[in-house]
Each structure stands twice: as structure tokens, then as C-alpha cells.
Amino acid sequence: MSSTVLQEQTVPAVPTLDHLRALEAESIHILREVVAEFERPVMLYSIGKDSSVMLRLAQKAFHPGPIPFPLLHVDTTYKFREMITFRDEFAKSIGARLIVHTNEEAIGDGTQPFKVGTQRCCGLLKTKALLDALQAGNFDAALGGARRDEERSRAKERIFSVRDPNGQWDPKRQRPELWNLLNARIRTGESIRVFPLSNWTEIDVWQYIHVENIPIVPLYFAREREVIVRGNSLIVQEQPFVVTMPGEKPQVLKCRMRSLGCSPCTGAIRSEADTVPKIIEELIATRQSERQLRIIDHDQDGSMEVKKREGYF
Amino acid sequence: MSGLLRICTAGSVDDGKSTLIGRLLYDSQSVYDDQIHSVEKASKNRTAGPIDFSLFTDGLKAEREQGITIDVAYRYFATARRKFILADTPGHEQYTRNMATGASTADVAILLVDARNGVLTQSRRHAKIARLLGIHDFVLAINKMDLVDFDQEIFEKIQEDFADLLAGAAVHAIPMSALHGDNIISTSERTPYFTGPSLLEYLETVQVQRNLPNLPFRFPVQLVVRPDADFRGYAGQIASGTIRVGDTVYTWPSGRSARVRRIVTWDGDLDMAFAPQSVTLTLDHEIDISRGDVLTLEPAVTGQKFEAELVWMDERPLDPGRTYLLKHGTKTVTAEVNHGLVLNQIGHVTVSTARPILFDAYDVNRLTGAFIIIDPGTHFTAGAGMITGGVREATVPTVAPVTAAERIARLAREAASDEEAVELVRQALEEMLA
């Protein structure tokens, strides 16, 4: 009797990239396309976690060469002190060239959110300052860390997004963007905003920070801070002009920032998450969106879309 | 299999696409409380039930005002089994180009049909575009079944009507009501005749064909990385296939070859890399390689004339008398197309490029078979093309010298030792020269 050896059918094993490494490869591709196709690219550096991830991706994209573009921080002067300290140390540690731009004229005129309103304050200190800085540097492509999952008008944004000579966005005249073929052609005066993290979600960013051990501003981690409780929002008092309403008094609570912005307009959340894995755990359980405590997203209907049309990042 | 599934939606206007997606996000708990609250507030002005789910995705003010989707919106959600990127694309005919955009990167298409209307022109068109863009797995979502009393005959009739349109594709038909949630997350008691998986269950478990690493190696060079005199590397994202240190690669269109010395990444050198990794390759000797060149392991087809299916996406019609820019991989060349097309028209055309490019048929390789046409005046992305094959007469005759080179490379690769490789190559060269 012959013995039959049952041969297992051998299917050629297909190597695969996990979700994070697939996103990483896509973002590196985008960064390299920018450097290959544009004369004067710049990276908008907001000091936040997304900026930190974008910088790590830039290090990877051009290794063993240096990051081939400068970083631009639009400083409203109302950022948290910890952010500025982190910015200067971090840029130095990776050997990046950092440009800091402030709308000095508006600051000189006393522009602050409680005096001129948040819309006008953002318009002067962020949008105008950014457009001026881009023009001053003659930059033709500006890389930003915005993600499509952040806000509903951002969900419509292209990876290569054209701005007219005034830096404005026309959502109805966006170029189709197919496959990985990014159209980098622009006319004189136009510029392009590039979003290498378009397809990342907030959790992806945190998971990547964890596996890559990327440094981030300590404000993201929960610790006891002196705050004023205002509705759902905890205001960390850094600016002398943040007035306390009648009946409000500072108290010490364990909290952290989920999203970093200007100190008067960004609230902290109650949290026990003092490590990256705890932050990821907290995010999975949370029922509030990331930008919920960003006052500027809610100051009018379609707020972000209006700001983006005007040139806000 | 990667834990990431890319989906796009398609269908006519008012078939309820945005509502379906809103429902999917809501029921899979992918929207946050403050987003639900802001949608509840806005829903009071509209007549779409207790919560207008479409408000989760229609992100532009004009879209909310007109109650239609204008532009493709990307949505991200995850379940315990998978992560999803979903492109919600517009149903209006004037925005067909955005449908093509969404479909170009999708693994699965959800084709929505209003059970009351059956197959409409726009559903046909979207089914055709999705097939053309290489999508193989379809959900035929027969929606608004509540308005036809969940009638089994209607469900089956519509499936039959789509049979021809989706011939050759894998189709999963589902009778559903996006508004009421039937067969979205779990199967509905109102459709006892339907025994298949619900929409979410299907999306979580569908096995899509993804064999990029097993296709022939294609590496479009993005950048030459030269930080100092000692290092010269070629940076790019592997479009398909697998590469190992020591492999002989050919550069196109020149046809010259060299061996891979290192596969460099910031995280350290690799012995092997595969699609879609982004890496930097260094070679054992310097050959002239620049952005736009493609590295392969085997001889491949280069040419200056090929046939393609072209989707026209610009208001300004395609003019066969004009010269356009054509971007393929990392290479941009000037090109002409043999006949005209108007907005949203899809045609079979012949394309002639000023310089040779290395291409594959789109149905074999989605990245090396695709190109975009850019209007040189407006710089708008005017056309999206899928190569069906080369036009033989104009193919640059590079095959003969390559065959010899390939033969020698193979001898060297298969030799047991360096000494043996040298001897085998010497013999082969002598035979050739004899």
C-alpha cells in the first residue's frame, strides 16, 4: 500500500505593512514629491503633536541628508510658555532651521482675543501673519500637519491644495487628486498647501508617537495645574488679561491639553493620562471630538471653512 | 493582510449616500457626542428624520444649504477588526470627476441604488467608472427598501439589472434602509429572505486582492539623495514587487544596470523591501539615474505611444491639437491625445509622449498603469488615464541588448560563489562576441 503524503498547498506569502507603516510610507512619498517639485518649500511648525510627527517623517524621508526646508512658526505671542521652550529646544536638537514670524504691528496695536474678538484676533495674528511670512520668504509650498479627520471642511481638503495669489482657498474649484499622482503645477503667484498627514487619524498620530518615541510638549500629559473651570473647559491662566468672571476662582485639577493652541482660547480636559499609552486609552474611551475645546472652531457657522477660504491653515 | 480597507461610495444624487455613511459612523460609534449634538441642532431645519446623518459628511456650507454632496469627503473609522478610510463621493453628474478620485484608491465600492428607481444613468456611469478604475469588490446597496415594503422581488430585480454592468466583479447585494438602519450593522428582521452579512460585517471581513509585493518590481525614482560626496541614493516608494540587497536592477528608459548595495532607511538598513514601502537604494556603481526614471528587476515595456481609457474632468474639452503635460509615476512629460473628449466623457484614446516612459497595463498594475493629464495653461488636473496597452510600432527597441544583459545578470546571480560568477560571465561574454 502506498502512503500518500498530503502536500499542503503553498500560497506565496505576501509581506504586508501594518496600518501605521502604510501611512508612514504614503506621507514620506508626499514629502519627497514636495521637495522634488517645488523651489522653496517650508514646513509650518505649530509645536503640536502633529508637527512633531511630521518632523519625524521629514527626517525619515531625506535620510541620510538633513531636512531640506526650514520650519516656520507663526507666533501669536499667546502660545503657552512650555510650547515656546519646547520649540526652541526641539528645533535645535534635530538641527532644523527655524523661522519665527509675528504680526508685530497687530501686537503693537494691542490685539488680543478679549479685546477684538476671536475672529479678528485669529485673522490678524494667524492668517495675516502666515500669509505675510509666506510672502516674505517667497515660499511656493507650505507643508502643514492638518488631518482630514479633524473637522468637516478639512475632510474635503486635497493633499496638494492650491491657494490663489491672496492665499485663499476655493473649495468648488479643487483639482481632482487620483492615485498617488500629485499635481504640483502652479501659476505665478499661486502657492500650494500640502498636508502629508491627510489620512492619519488622531489615534494614528498617538500610536505613531508611541512606537517611534517622539518628543512632544509636556502640556499633553496630565498633571495638576491651576485652572478656572468654565463649562466643559478648563482654562489654564497664562495671560494676564484672561479675566475671571464673578464667582470663578482658580482651583488645582489634574488635567491635560488634547490640542494645543493659544492659551486664552484652548481649554484643558480633566484627565489622568500622564503617559502616551494612557492617552491612547483615554482617546478610545472618549466621547468628545479633538477640537471641541478650540473656541475658534465654533465662533460662527462653518467657522473653519470660512477661515480656510481666507487663508488660515 | 493589512488592517486598512479603503472604501468609496457611488450612486445617484438622493440615493442616500451621505445618510448611509452618517449611519455607519453613528452606529459604529465613530462620531463624537459634540458632533452629534451640533448635527442635532442643524437637523431641525431639515426634513430628514430625527437626526440628519448626512450632516456628518457634507462639510461645506454650500452642501448643507443645497442638501447635496459637492466634493469628495474622506472619513475615518475603525472597528475592533479593521480600520477604514471611506471616500464619500458626489452623485451629481457635474462632479463625476470626484467620483473617479474617490475610486482611484479604493479597494471596495459601495454602489447605492434607490429601490424605487432602480438603475439610473448615473448609477450606470458610476458602476462603469468604478470598474474602469480597477475596483473588483462591490456592495450593491439597494437602499430605501422601507419605501417599497422591503419587497423581495424588487430587491432581486435590481440585482439582475446590475448583473451585466458589474460582470466579472465580486458583488454583495444588500437590501437596506440607511435611514432606519436595516442591514447596516446587523441583519434586519424585515428582510427574512436576506441571509448574507450586514454592510459592516461584510466590510470587516471582505478579503480584497492585494498582491502588490508579488508583482514585478517597479521603483519610480523620486529624488536623488546626495548629502555629501560619499553618499548617492535613490529615494522612492516601491510601486510594486520586492527588492533585496544584491539584486541587479535596470534603470529605465536607459536600460543600464547595477546591483543594489544598500536599502537605506532612517530606522536602519534593510535586507529586503517591498511595496508600498518608501526607501532609499544605493547601487554598487554609478549610473546616470534621475527623478522620473524607473528601476526594475526584469526587462519591461517602455514606449512613447500607448492606448488608454481616459476620463475627462475639465470644463475645457480635450483638444487633440494641443500639447498637454502627462504625469506618470514620478515623471512628467509632454503628450498629445488623438481625439477630443468633453467633461465627464470617458473614451478609448491613443496617447503619444515626447519621451519614452515605462508602463504596465492598468489592470495588471494600478500605479504604473495610471497617469494624469495636466492642462499646461490652467494647470488643472484635466484627465485621468488607465493604460490598456502599448502601440507596438513606436515601442523603443530596447529589448535585444537587455536580453543579453539580463542573461549575464542571471548567470551572476545564480552562481554559487563570486569566482564562479566571474567565470560564467566571462564564458557568456566570449560566446556572445564569438
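**Exercise 1. Describe the contact between chain B and chain A in this predicted model.**

Solution. 
1. Count the residues on each side: 54 residues of chain B are in contact with 50 residues of chain A. The criterion is that C-beta atoms, placed from the backbone, lie within 7 Å.
2. Look for the main contributor on chain B. Helix α4(B) gives the most to the side that touches chain A, with five residues.
3. Sort the side of chain B that touches chain A by class. There are 28 nonpolar, 17 polar and nine charged residues.

**Exercise 2. Within chain B, work out what domain 1 and domain 3 each bring to their contact.**

Solution. 
1. Chain B is divided into domain 1 (4-205), domain 2 (212-296), domain 3 (302-394) and domain 4 (399-433).
2. Count the contact residues: seven come from domain 1 of chain B and 10 from domain 3 of chain B.
3. Assign the domain 1 side to elements. In chain B, α4 (96-104) and α5 (121-132) each supply at least two residues of the side that touches domain 3. The largest share, three residues, is from α4(B).
4. Classify the domain 1 side of this contact in chain B: three residues are nonpolar, two polar and two charged.

**Exercise 3. Determine how strands β7 and β8 of chain A are arranged.**

Solution. 
1. Find the sense of pairing. β7 (residues 223-230) and β8 (residues 233-236) of chain A pair in the antiparallel sense, over four bridges.
2. Locate a bridge: Val227(A) has Val236(A), in β8(A), as its bridge partner.
3. Examine the connection. β7(A) and β8(A) form a hairpin with two residues between them. In the turn, Gly231(A) has a positive phi of about 65°.

Methods
Residues are numbered from 1 along each chain as its sequence is written. Chains are lettered from A and ligands numbered from 1 in the order in which they are written. This is a predicted model: local features need pLDDT of at least 70, side-chain atom pairs count only at pLDDT 80 or more; totals for chains, interfaces and linings use all residues. Two strands pair if DSSP finds at least two bridges between them. Domain bounds come from an automatic or database domain assignment. Two residues are in contact if their C-beta atoms, placed from the backbone, lie within 7 Å. Ala, Val, Leu, Ile, Met, Phe, Trp, Tyr, Cys and Pro count as nonpolar, Asp, Glu, Lys and Arg as charged, and the others, Gly among them, as polar.
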